[in-house]
Amino acid sequence: QENQKRKKEESNMAQVTQKKSERRTIKETLRMLEERLEAFSIHNHTNITQLHKFKCMKDQLQEGEVIISEDFSENYALKQQNEIMTAHWSNESITLFCATVQFKEAGKKRFQHYVLVSDDLKHEKDSIWYYNNFIINGIKKKGIAINKKVYYWSDGLSCQFKNQYHFSNIKFHEEDHGTPAAWNYFATSHGKGENDGVGGDVKNYVWRKNLQKKAVVTINKHK
């Protein structure tokens, strides 16, 4: 019981990255750099390869196929322009799940952007299935053909997109949504795309309305 309590306390602790200064000789510095170059070269090769594959997939996209690039945006804090001082320490937050859908229609490439808002702050595998289910249904309601394949692109965070439960969702994607799917991952820290810009635009728009006192954003509490 004490071990479980300690593990719980450790999981609730915030991790802080600090800058560390070290003094080394030129020879030691070059040796340390040489040791890290191999890992960096592999990482850089993976990044270039994945970006090239993503570009080729967009260029060769066929009708009936859909590319969905998606990710969680940073949680948005619900602040008000004329809030009282104590509100600074008790702001509520919401989740923004952003996705850009690319498809071909009448020989032309088309785009649709989705920003799904939720008061569920757990960015986990279960919520991702519901978000994608909403997006797929939204695409179908607009008459977009997705009868060949859905290609997902995201980062490789293990607690969200890269785990055994998520792979199970991909396996049963055709059974759930009527279309087979494949999931692709960008290299670590290189997965920024159109969907990230959409999330930033939405946050900026809402914050401007707050500053202009034209909107008050709160969480709708359902009983």
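**View 1. A salt bridge joins Lys-55 and Asp-59.** The N-to-O distance in this pair is 3.1 Å; a salt bridge requires a side-chain nitrogen of Lys or Arg within 4 Å of a carboxyl oxygen of Asp or Glu. The model is predicted, so local features need pLDDT of at least 70 and side-chain atom pairs count only at pLDDT 80 or more, whereas totals for chains, interfaces and linings use all residues. Residues are numbered from 1 along each chain as its sequence is written, and side-chain values use heavy atoms, with hydrogens and water left out. Both Lys-55 and Asp-59 belong to helix α2 (residues 26–59), where they are four residues apart, about one turn of the helix. Helices (H or I, at least four residues) and strands (E, at least two) are DSSP runs, numbered from the N terminus. Lys-55 is partly exposed at 49% relative accessible area, and Asp-59 is partly exposed at 47%. Buried means under 20% relative accessible area, exposed over 50%, and partly exposed in between (1.4 Å probe, protein chains only).

**View 2. Salt bridges with shared partners link Lys-20, Glu-22 and Arg-24 into one network.** Between Lys-20 and Glu-22, the closest N and O atoms are 3.7 Å apart. Glu-22 also meets Arg-24, with 2.9 Å from N to O. Lys-20 is exposed, with a relative accessible area of 68%, while Glu-22 is partly exposed at 45% and Arg-24 is partly exposed at 43%. The whole structure contains four salt bridges.

**View 3. A patch of negative charge lies on the surface.** Asp-119, Asp-120, Glu-124 and Asp-126 gather here. Patches are made of residues with over 30% relative accessible area and no salt bridge, like charges being joined within 9 Å and nonpolar side chains (Val, Leu, Ile, Met, Phe, Trp, Tyr) within 5 Å. Asp and Glu count as negative, Lys and Arg as positive; His and the chain ends are not counted. Glu-124 is placed in the loop between β3 (108–118) and α3 (125–141), and its relative accessible area of 39% makes it partly exposed.

**View 4. The largest nonpolar core has 23 residues.** Such a core is a set of buried Ala, Val, Leu, Ile, Met, Phe, Trp, Tyr and Cys residues joined through side-chain atoms within 4.5 Å. Ile-68, Val-101, Ile-135 and Ile-139 have the most contacts inside this core. At least two residues come from each of β1 (65–77), β2 (93–105), β3, α3, β4 (149–154) and β5 (181–185). Helix α3 gives the most, with five residues.

Definitions and conventions: Areas by Shrake-Rupley, 256 points an atom, 1.4 Å probe, with all protein chains shown as cover. Charge placed at Lys NZ, Arg CZ, Asp CG, Glu CD.
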